[in-house]
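User: Please zoom in on one part of this model for me, the ligand site, and walk me through it in one go. I'd like the contacts first, then the elements behind them.

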Amino acid sequence: MTTTATSPQYDADVYTDAALLEPYEHYRALRELGPAVYLTAHDAWAVARYDDAKAVLAAPEVFRSASGIALNEPANAAILGCTLASDGEHHAHLRRIVAHRLTPRALRPVRHTVTEAAEELVAGLVARGSFDAVGDLARALPLSVVPDFIGWPEEGREHLLRWAGANFDSFGPLNERARAALPQCGEMAAYGAALVRDGNVLPGSLGAGVLEARDRGEVTEEQAMMLMLDYLAPSLDTTISAVGSAIWLLGTHPEQWDRLRAEPGLIPNAVQEIVRLESPIRGFGRLAARDTEIGGVAVPAGSRVLVLYASANRDERHFADPDVFDVARPEAPEQLGFGYGEHGCAGQGLAKMEVAALLEALARTVTRFELGRPERGLNNLIRAFSSVPVRVHTG
Ligand code: HEM
């Protein structure tokens, strides 16, 4: 890869433990350097500003997802052809097979299940008084709702969190975290393949619909396996991250919690604001199909491009006082934390519903979150706490 003398460059490895823990100064520096900045440590172009990130996501014919999502070849090869890592008509076809199950109308009956599960969970935790907002709250809801929705059988669920985390680790550069993750992604793929082969999915679920599509000849056996994983792998850590961050943000900004309790109608906006400020997925890659430019910076054909949603969401060119947490921020829904365009998150309706249901249940009884010392987890792609101890006050 050659860069021109005028191309902005950045030499830091943005995937070290320290950079993953404190990424925001790196993002600020990248935004200041230009619309596309060559990362010498990763042989990739970082797109850290809001307008440029959105423009890249809106041009999938130039910035391709097949072979482009991860920053390393083994991971790109392993996921080639899945929904996330496909383009054009093939991608549209895969989305059509399941999209009808995730529309607001299709999700209406799911809302009832999610709300009930959230209320029961919150009632139990509030009665306890102190709990871990990650281990006891954030993980519990998606794990009780999403595998059933996807149709994953009971057996094998004990591996889901480890596999899902490995899936996201594998998408980074080929560092130690990605190397350790790749064999675990293989385990998950083998498990998914066996489910499809044996037809071992819950009746009426998204997975059952995928198998019916296979039986009608609309997708191959391999595509059916990928579709099972496509919807499970990104559905856990992301939502868990958002809920953990929500409790931490609302605990450290009690006036914002007061506002939400007084105006629960703001909860959907608050969910967008949480995903904006603490974007669960840092960024995904693309591959430039031809010589092109990003905001006037020349990017040669074959370049890897890293779209940093988490940085775009704090771009001072787009968001006023971007580091401030404001549950009523009018432009919060413009955030890019769920991606944008053709590959925009297919499960965002479900994710928003889960986070909102938990906040609604909490808002009815909890007056204050008293936080203990939170711990961060480290993952190449996911920004999340591994633990947020909390004592809740009521009345
Ligand atoms: C807070 C929670 C979530 C966040 C922040 C999130 C974020 C994202 C992002 C940024 C993308 C875009 C990928 C790209 O640009 O290439 C994406 C895609 C995707 N997400 Fe989510 N996600 C969340 C929850 C979920 C859930 C619950 C599901 C499944 C039920 C899901 C399924 C998917 C799928 C299938 C794609 C691929 C779409 C495509 O390539 O066409 N996500 N998500």
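**The ligand site and its surroundings**

Cys-345 is found in the loop between α16 (309-312) and α17; helices here are DSSP runs of H or I with at least four residues, strands are E runs of at least two, and both are numbered from the N terminus. Before going further: this is a predicted model, so local features need pLDDT of at least 70 and side-chain atom pairs count only at pLDDT 80 or more, while totals for chains, interfaces and linings use all residues. Residues are numbered from 1 along each chain as its sequence is written, and side-chain values use heavy atoms, with hydrogens and water left out.

Back to that cysteine. Its SG atom is the single protein donor to the ligand's iron, 2.3 Å away. A donor is an N, O or S atom within 2.8 Å of the metal (3.2 Å for Na, K and Ca), and with water not among the atoms, a site may look incomplete.

Zooming out a bit, 27 residues surround the ligand, and Cys-345 is among the closest, along with His-91, Arg-95, Tyr-309 and His-343. The cut-off for being near is a heavy atom within 4 Å. Sorted by class, that shell has 13 nonpolar, ten polar and four charged residues; Ala, Val, Leu, Ile, Met, Phe, Trp, Tyr, Cys and Pro go in as nonpolar, Asp, Glu, Lys and Arg as charged, and the others, Gly among them, as polar.

Some side chains also reach the ligand's oxygens. For His-91, an N or O side-chain atom is 2.6 Å from a ligand oxygen. Tyr-309 has a polar side-chain atom 2.7 Å from a ligand oxygen, and for Arg-95 the figure is 2.8 Å. The polar-contact cut-off is a pair of N or O atoms within 3.5 Å; within protein, one must be able to donate a hydrogen and the other to accept it, and sequence neighbours count only if both atoms are side-chain atoms.

As for which elements build the shell, α5 (88-99), α12 (221-232), α13 (237-252), β6 (284-288) and α17 (348-365) each give at least two residues. Take α13: its 16 residues reach 22 Å from first C-alpha to last, close to the expected 22 Å at 1.5 Å a residue, where the expected span is 1.5 Å times one less than the residue count. It's mostly covered too, with 14 of the 16 residues buried (buried is under 20% relative accessible area, exposed over 50%, partly exposed in between, using a 1.4 Å probe and protein chains only).

β6 has four of its five residues buried, so the rest of the structure largely encloses it. Strand β9 (residues 304-307) runs antiparallel to β6 and is joined to it by four bridges, with Arg-286 partnered by Val-305 in β9. Strands count as paired if DSSP finds at least two bridges between them. β6 also pairs antiparallel with β4 (residues 63-64) over two bridges, and there Leu-287 of β6 is the partner of Arg-64.

These strands belong to an open six-stranded sheet with mixed pairing, in the order β1-β2-β3-β9-β6-β4.

Asp-321 counts as exposed at 57% relative accessibility.
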